[in-house]
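Dear colleague,

My findings follow directly after it.

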Amino acid sequence: MSDRNASDREHWGSRMGFILAAAGSAIGLGNIWRFPYLVGKNGGAAFVVIYLIITVFIGLPVMMAEFAIGRAAQRSPVAAFGAIGAHPFWSLIGWMGTLAGGFFTLSFYNVVGGWTIKYMIESLSVLLPLAADGKSGDFFNAFIGNSYQVVFFQVVFMALTTLIVLGGIGKGIERACKVLMPALFAILIILIFRSVTLPGAEVGINFYLKPDLSKLTGETLLDALGQSFFSLSLGLGIMITYGSYIGREERLPSSAVWTASLDTLIALLAGLAIFPAVFAMGLEPGQGAGLSFVTLPAVFAKMPAGMVFSFLFFMLLFFAAITSSMSLMEVATAFGIEKFKWGRAKTVCVMGVVIVLLGVPSALSLAGAPQIAGKAFFDAVEYLCNNVLLPVGSFLACLFVGWMWLPQACSELTNEGKLAFPWMKAWIWCVRVVAPIAIAYIFVTGLKW
Ligand code: TRP
């Protein structure tokens, strides 16, 4: 996905191929690890409702805007704004996104990516027997308290990402994911069946599906906003890069609707697998980043052939994570190639090392230190990326598309007027007015260290 000229830029073979690739970037740890833990932290169903509203009225329009910029520019995010004749100021979006995504987001993403490898391996040994004794929480805490192990698995995850990006076998991985993602979906459905039939599951179902809007705070809104951007891979220009690979004759709006719907579906299903079990087993919904890793083994322990399911599940989660980390790594790589004029191999290796080093303080901080202003380093970087940089990046993208580049964007979304886009008026309202005001409002009321 490096920056090439419009003429020799590859395009996705088919619309389905493109949607699966964009969904491959979008569907990842954000859906199965981060979404449920934020729902738990923010009191349940009210968060889910807000998340859905934000995704429809802010996330989806921003995704269409990023696709439109990308397809019009046929460039990576840093170069895109120049290519469509925008003032150099707007390249800031690309720069910020490159730093925030290629480096910071990936630096904590690979730590959690490492957990999936650890859990895949442990599924075959002590994980389920411990979980059956109610000790999955102890297991998780012991693991993240063991810095050597956490760093080791982080390095393994990042090394694999680097090798994939280096070997140019990303396409092969994406093809494999066409098979693997439906498998992940199938296991989620089986898990949901097991989870909702556990005695006492109703409390969890109510927690997840019956909103109590009095629980909403500014912080809840900001968490939902940041999570929507994170899960849809927005705000960093990644979807600008993806958009540049969409063929001229494809329909941008429906590609965006498909990508966002698949992503949201997987997140909702993950919650449905997790919360009934959390309550049925007396676990704590607001426990934070460990939620999925503590709850799911306990559900597997209660299933026939649980070991097999657990191994498969964490393997599939690993694949979902690696298709997302590939997309983040591409950003750092494209940046290195453009900026330093290095060869691709050198760039990928250097970036891989830099990103691992950036991630080490996050990995160590799970055991208590280092901290930044009272927050564990891991939480600080995560907060900075998701609750600050992604909203700011998306806000700027809305201003640019809504106020500077609207006629071109409309023409891009309708393929120069050849296609009908019945929601055009609504989309224009969203990117010009609703999204920027909502983002600014939520940002100001919800920002709390
Ligand atoms: N969306 C991915 C997930 O849910 C993570 C991700 C990939 C991402 N690319 C991104 C997040 C770009 C923000 C920006 O796991």
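The residues of the shell around the ligand (a residue belongs if one of its heavy atoms lies within 4 Å of the ligand) divide into seven nonpolar, eight polar and no charged. In this division Ala, Val, Leu, Ile, Met, Phe, Trp, Tyr, Cys and Pro count as nonpolar, Asp, Glu, Lys and Arg as charged, and the others, Gly among them, as polar.

Please note that this is a predicted model, in which local features need pLDDT of at least 70 and side-chain atom pairs count only at pLDDT 80 or more, while totals for chains, interfaces and linings use all residues. Residues are numbered from 1 along each chain as its sequence is written, and side-chain values use heavy atoms, with hydrogens and water left out.

The ligand has 15 residues around it, of which A26, G30, Y109, F230 and L236 come nearest. From N31, a polar side-chain atom lies 3.5 Å from a ligand oxygen. Taken alone, the ligand exposes 360 Å², and the protein buries 100% of that (Shrake-Rupley method, 1.4 Å probe).

The ligand takes up the space of the largest cavity; a molecule sits in a cavity if more than half of its atoms lie within 2 Å of the cavity's grid points. Two or more residues of the ligand shell come from each of α1 (15–26), α2 (29–41), α11 (218–231) and α15 (306–340), where helices (H or I, at least four residues) and strands (E, at least two) are DSSP runs numbered from the N terminus.

A cavity here is a set of points, on a 1 Å grid over the protein atoms alone, where a 1.4 Å probe fits but cannot get out, and lining residues have an atom within 4 Å of a point. The largest cavity has a volume of about 160 Å³, a volume being the space filled by probe spheres set on the points. Among its 17 lining residues, S25, T105, F230, S233 and L328 are closest to the centre. The largest share of the lining, three residues, comes from α15.

Two backbone features remain. A cis peptide bond joins A369 and P370, with omega about 0 degrees; P370 is in the loop between α16 (344–365) and β1 (371–372). A373, although not a glycine, has a positive phi of about 45 degrees.

How values were computed. A polar contact is a pair of N or O atoms within 3.5 Å; within protein, one must be able to donate a hydrogen and the other to accept it, and residues adjacent in sequence count only if both atoms are side-chain atoms. On a 1 Å grid over the protein atoms alone, a cavity is a set of points where a 1.4 Å probe fits but cannot get out, and a pocket is an open set with protein on both sides within 12 Å along at least five of seven lines; lining residues have an atom within 4 Å of a point.
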